[in-house]
Amino acid sequence: MSFVTSIILRRRHHSLLFIQTRQLSSQSQSQSQRIDKILIANRGEIACRIMKTAKRLGIRTVAVYSDADKDSLHVKTADEAVRIGPPPARLSYLNATSIIHAAIRTGAQAIHPGYGFLSESSEFAQQCENEGLTFVGPPASAIRDMGDKSASKRIMGAAGVPLVPGYHGSEQDIDLMKSEADKIGYPVLIKPTHGGGGKGMRIVQSPSEFVDAFLGAQREAAASFGINTILLEKYITQPRHIEVQIFGDKLGNVLHLYERDCSVQRRHQKIIEEAPAPNVANDFRTHVGQAAVSAAKAVGYHSAGTVEFIVDTVSGQFYFMEMNTRLQVEHPVTEMIVGQDLVEWQIRVANGEPLPMSQTEVPLSGHSFEARIYAENVPKGFLPATGVLHHYRPVPTSPTVRVETGVEQGDTVSMHYDPMIAKLVVWGENRAAALVKLNDCLSNFQVAGVPTNINFLKKLANHKSFEDGDVETHFIEHHKDDLLVDPNNSVLANDALSNARVSAALLAACLCEKEQHSLSKSPSGNNVAHSIWYNHPPFRVNHFAKRAMELEWENEYDNSGFKLLTPSIIYQPDGSYLIEVEENSPPLKVKATQLSSQDFRVEADGLTMIVNLAVYTQDGNKHIHIWHGSNHHQFRQKSGFELSDDDETQHKTVSQTSSSHPAGTVVAPMAGLVVKVLVSNDTKVIEGQPILVMEAMKMEHVVKAPTSGHVHGLQVVAGKQVQDGSALFRIKKRSSSHSSTVTALATAIAFQREEVVAAGQRRSDRLELVVVVVVA
């Protein structure tokens, strides 16, 4: 007899979680056939998440890693780890032969593919079977049938599952495809037949856009999945993305674990998911669940899978979109509402055990959200970002709060892989309670060193329409004025400046207190560099020592660049500080007590709060982050404190950093790979003309000419890796009267909004990058 541990099941009237043990029969499995060592053919948070369950079950784990990941968390977490190649995924995590050799070498009986990479490769699943390894996932035949989106549409049509009108044939001649698009009627969705994650998807509004969009989708599909075949579908204008978690065993049993709503997306990828879907009737829930089970049974499915549907919000009709034959990124929200560990289910099913419950026994308790925290530059159109996590402090976990992560402080977010830092998962007794918890956790989730989407997620979670559950795939586009920063909004700019001044005052007090605390711990005689007038209390009677600090802060609502804030600090006899951030403004009395190296209890204006700091040096500057309440500000400091024994505060002028590139230079907006160069030096181009195509995290970005002229200094070729801010080319005007007055100030992005507008139906994912120029 064997046992399946059913975790995080909740009592009806209690938020506390308990563990229930369920006895299952697996007499057909001998002890020697059971998995006791498993290799995870993946990286990052999903590898760590699988290892967590495996270790709980007493199963030894093997990690694989590329050179870029040799010191990563999933390598440290595993019992053993095997190098499989250099950083590019095609040479490491997509190298099936190396991964299978690693399993054989370490004596692993099974391979868990996670999600992405080889998880939906029927060839890889078949290779595992051929080598006598258990593939922890569905049969290769099901992956093959459902992985080919065209074939899956035909199978689902035969099974009576509703389909969106489209072309799912194998003929890929571009003229034929264009003809089929004309028959379907614009707008149409161009979509790779294999893979997922929104990669390669294009929404085409008119026939004139079709050819470029089709060829771009083929390139991106080939780079991401190794297959460049395309299907076409009618684009539904007001859709929701609702998907159903299904599970089957090898005995023919299949059930569903309810639905998830994944409508809110950006860059073709989900950023907030929830379960169950809000504002759906029980009849709908039953029918969509039954349709998902029918889809799985049609291909003899076992293990975890997700059937995705596009829901027309006008008619209420749902249509089959695709089936993901793997564990989904967002599987934790389902685990939270049904009280089950789906990775454990996968392992048990791989061992030949039956499902631990029937459909009628599947519980539905409470509500759960997942927010994906990414390293990305939201103002630049959610472009992926790279860099070092100088400070990383996720929220504390509990039975109702999970943090799924594959990184730790000091790690580097590289250009080679997805920029997701963590998944924040919360549960509440109902949707409102879960949303309160999500907001609180987002406010306390601290990351410094790379730009993130945390502030954007907070805005999204606090939006009235989201609170009401009024979600659909145009959500970000429809509410962009509320969610995205307008750099020309003077009212919001002034509000942001006021908040930054308060943070600067709190920061000044904390830094002074930190210094005093450090001095008090230093051996006597080591403080000669600091005046005795700055002791607590000051040495001289009736003398209040004064000092100044310079902090640079960038107001996202103001295009004028960094603003210099100059807090003036006056030491008080009681150990507090009078701080004036703006000249002639009333000073703020602040008392700071250091709790740890980064944490302080601060009293200001009658309010006591906890303040957290993160300080690190990067690019020759000291960067200081401060968190208090729901506020987070980042400051930059080029020098230390100015000490003054008189009552006059000395301020230094901050020099403006001039560009090291010639006028008219276009620079890379992110680190990435140049995949195609469309022109050569001295080519005459017009404003907005595509010059080259870059790829970052397997998403294509088109760099365009910022103005008309001739291309000069083209410094890149296809296949070259470039760093953020490196020169790509420059546009030189023939008119000498203007060429000397055009100065490239910043990189900006003109792009077609790509929030998901259907479950899998998305706007163009080709970001068009231009340079902002000014003529003197």
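I started with F318, which is buried because its relative accessible area is 11%; buried means under 20% relative accessible area, exposed over 50% and partly exposed in between, with a 1.4 Å probe and protein chains only. This is a predicted model, where local features need pLDDT of at least 70 and side-chain atom pairs count only at pLDDT 80 or more, while totals for chains, interfaces and linings use all residues. Residues are numbered from 1 along each chain as its sequence is written, and side-chain values use heavy atoms, with hydrogens and water left out.

Next I checked aromatic pairs, and the structure holds 12 of them. For these, rings of Phe, Tyr and Trp (its six-membered ring) pair if their centres lie within 6.5 Å; planes under 30 degrees apart count as stacked, over 60 as edge-to-face and the rest as tilted. F284 and F318 make an edge-to-face pair, 5.7 Å centre to centre with 85° between the planes. F284 sits in helix α9 (residues 282-298) and F318 in strand β18 (residues 318-324), so this pair ties together parts 34 residues apart in sequence. My helices (H or I, at least four residues) and strands (E, at least two) are DSSP runs, numbered from the N terminus. F284 counts as buried too, at 15% relative accessibility.

Then I looked at F369 and F466. Their ring centres are 5.9 Å apart and the planes are at 40°, so I wrote this pair down as tilted. F369 is in strand β19 (residues 367-374) and F466 in helix α14 (residues 464-467), so the pair links parts 97 residues apart in sequence. F369 is buried, with a relative accessible area of 0%, and F466 is buried with 0% as well. I also noted one aromatic cluster, formed by Y93, F117 and Y417.

Which residues does P87 touch, leaving aside its neighbours within four places in sequence? I got S66, D67, A68, S92, H416 and Y417, where contact means heavy atoms within 4.5 Å. P87 is in the loop between β5 (80-85) and α3 (96-106). P87 and D67 are 20 residues apart in sequence, yet 5.5 Å apart in space, C-alpha to C-alpha.

On to charges over rings (NZ of Lys or CZ of Arg within 6 Å of the ring centre and within 35 degrees of the ring normal). The charged end of R266 sits over the ring of Y374, 4.3 Å from its centre. The charged end of R636 sits over the ring of F562, 3.8 Å from its centre.

Last, I went through some strands. Strands of a sheet pair through backbone hydrogen bonds, either parallel or antiparallel. I count two strands as paired if DSSP finds at least two bridges between them. Three bridges join β9 (residues 188-192) to antiparallel β10, and L189 stands opposite I203 in β10.

Elsewhere, β31 (residues 568-571) pairs with β28 (residues 546-548) in the antiparallel sense over three bridges. β31 is also joined to antiparallel β32 (residues 577-580) by four bridges, with Y571 opposite Y577. β31 and β32 form a hairpin with five residues between them, and G575 in the turn has a positive phi of about 90°.
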